[in-house]
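Colleague: Hi! I'm new to this one, could you walk me through it?
Modeller: Happy to, here it is.

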Amino acid sequence: MIPDVDGIKKMSPLEMNGIRFSKQHTVLTPEVIVSLKNPRGKHNMK
Amino acid sequence: MASLFTDFLTVLGVRHTETYSDRRFAQMPFQSMYGLANLLKEYGVGVVGVTVPEALRKDAIRKLPLPFLADTADGFAIVTKLTPDGHVAYMSQHASFVVSVAEMASGWNGVALLAAADSASSEPEYSRHHIAEMARSVKRWMLMALSAILVCYAMFSTGLYAHWSAWLVLAFDCVGITLSWMLVQKSLGVRNKAADAVCSVLEEGGCDELARSEASSFMGIFKWSEVGMAYFSVSVLSMLLFPGTMPALAVINMVCLPYTVWSIAYQKFKAKLWCTLCVCVQATLWLLFISYLSGGWVSGISFSNNVLWIQLVVLACCYMVALLGVNRLVSAIEKYFKPERS
């Protein structure tokens, strides 16, 4: 199922469990997407 | 109510019902990408989590099977397709956007959940849940129809039908109830297509941001949306059951008007963000005032009349009881549905 993409790595269940859903979630408009290069401070809770 | 999970299922073409699937999403034991992957497997969807180094993300976006979930610092985006002109279409919070590959690559942190569904992928016990959801829809329409019949009966039996302004007040109160209900849903993170459509008029995402901000509640005790629900609901009931309270209702409406000034000023100068639903509620309060004024209900106010004062006190109690009830109900709903990302 993993496509042939350079550098792609499969995540372990532990790594996937580290990507948490946070309660605060803004609409990811194009402006927000671009600004995330320098994150505003909201993180996925680990 | 819809969530990231049901949006993803829709894009994958997996048969599901929003009610059941959103509940499963909210109740996942692991509120993480791992939990979501396990849930998708229950639906017969093959999943794998992958990471892509920064330098290779632009290439990966073009090659990863669509749709996939792309993780960002601010949440997941569902990448749905590549447009013919090389841009990326994605969904976030039930809204669709298009950005360039470079822009998506800059916001994406390289973590993705890939999924593969086939014709056998489906929500467990889908048929049973679908029938239940249809029954819920029928119940909703019946509620609206019977409520309309009762309202018309009340208007005719009390004689209010003869006052054109009373019909206006009734209409605006109903609009107020609808808008307040949409705001309550926003504060709970509940999806409502009509609310999303209204909210996008002045500023995309403005309603969501403000609904979750500190300014959306009165000293953290009551949400303004709950206050609106209580105010408009009690006003309608009072008008239909006790038409003699119309002058008192007009007084209370006038007392609410300064709040509209504060709300608009806050959005313009402090939050620098417009909540279309909130603006509509303020407009509704002013339209109600105009209706009371033009219908002669304001001129009927006499503060030397003890009956008016008694009505004001009783109405104040009714508003408070309704507000406490709505607040309790909303708190119970918030407590029942675990914190979720939608």
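This is a predicted model: local features need pLDDT of at least 70, side-chain atom pairs count only at pLDDT 80 or more; totals for chains, interfaces and linings use all residues.

Colleague: Thanks! At what angle do H1 and H3 of chain B pack?
Modeller: Helix H1(B), residues 4-12, packs against helix H3(B), residues 33-42, at an angle of about 45°, and their axes are 12 Å apart. The two helices are therefore oblique to each other.

Colleague: And which residues in H1(B) and H3(B) meet?
Modeller: From H1(B) you have Leu4(B), Phe5(B), Phe8(B), Leu9(B) and Leu12(B), which meet Leu36(B), Leu39(B) and Leu40(B) of H3(B). The residues of this contact divide into 8 nonpolar, no polar and no charged.

Colleague: Let's switch to H6(B) and H7(B). At roughly what angle do their axes cross?
Modeller: Roughly 150°, with the axes of H6(B), residues 126-157, and H7(B), residues 164-188, coming within 12 Å. That makes H6(B) roughly antiparallel to H7(B).

Colleague: Is their crossing left-handed or right-handed?
Modeller: The crossing of H6(B) and H7(B) is right-handed. For H1(B) and H3(B), the crossing is right-handed too.

Colleague: What meets what between H6(B) and H7(B)?
Modeller: Val151(B), Met155(B) and Phe156(B) on the H6(B) side meet Ala166(B), Trp167(B) and Leu170(B) on the H7(B) side. That contact has 6 nonpolar residues, no polar and no charged.

Colleague: How many residues are in the largest nonpolar core?
Modeller: The largest nonpolar core has 43 residues, and Met239(B), Leu277(B) and Tyr292(B) have the most contacts inside it. Helices of chain B that each supply at least two residues of this core include H6, H7, H10 (224-241), H12 (276-294) and H13 (306-336). As background, nonpolar side chains in soluble globular proteins tend to be buried together.

Colleague: Leaving aside neighbours within four places in sequence, what is Leu277(B) in contact with?
Modeller: With those neighbours set aside, the contacts of Leu277(B) include Leu179(B), Met182(B), Leu183(B), Lys186(B), Cys199(B) and Cys207(B).

Colleague: Last one: how many helices and strands are in chain A?
Modeller: Chain A has 2 helices and 1 strand, and from the N terminus on its elements run β-α-α. Of its 46 residues, 41% count as buried.

Key. Residues are numbered from 1 along each chain as its sequence is written. Chains are lettered from A and ligands numbered from 1 in the order in which they are written. Side-chain values use heavy atoms; hydrogens and water are left out. Axes are lines fitted to C-alpha atoms, for helices over the stretch in contact, and angles run from 0 to 180 degrees between N-to-C directions. Helices (H or I, at least four residues) and strands (E, at least two) are DSSP runs, numbered from the N terminus. Angles under 35 degrees count as roughly parallel, over 145 as roughly antiparallel, 65 to 115 as roughly perpendicular and the rest as oblique. A crossing is left-handed if the near helix is turned anticlockwise from the far one by less than a right angle, and right-handed if clockwise. Contact means heavy atoms within 4.5 Å. Ala, Val, Leu, Ile, Met, Phe, Trp, Tyr, Cys and Pro count as nonpolar, Asp, Glu, Lys and Arg as charged, and the others, Gly among them, as polar. A nonpolar core is a set of buried Ala, Val, Leu, Ile, Met, Phe, Trp, Tyr and Cys residues joined through side-chain atoms within 4.5 Å. Buried means under 20% relative accessible area, exposed over 50%, partly exposed in between (1.4 Å probe, protein chains only).
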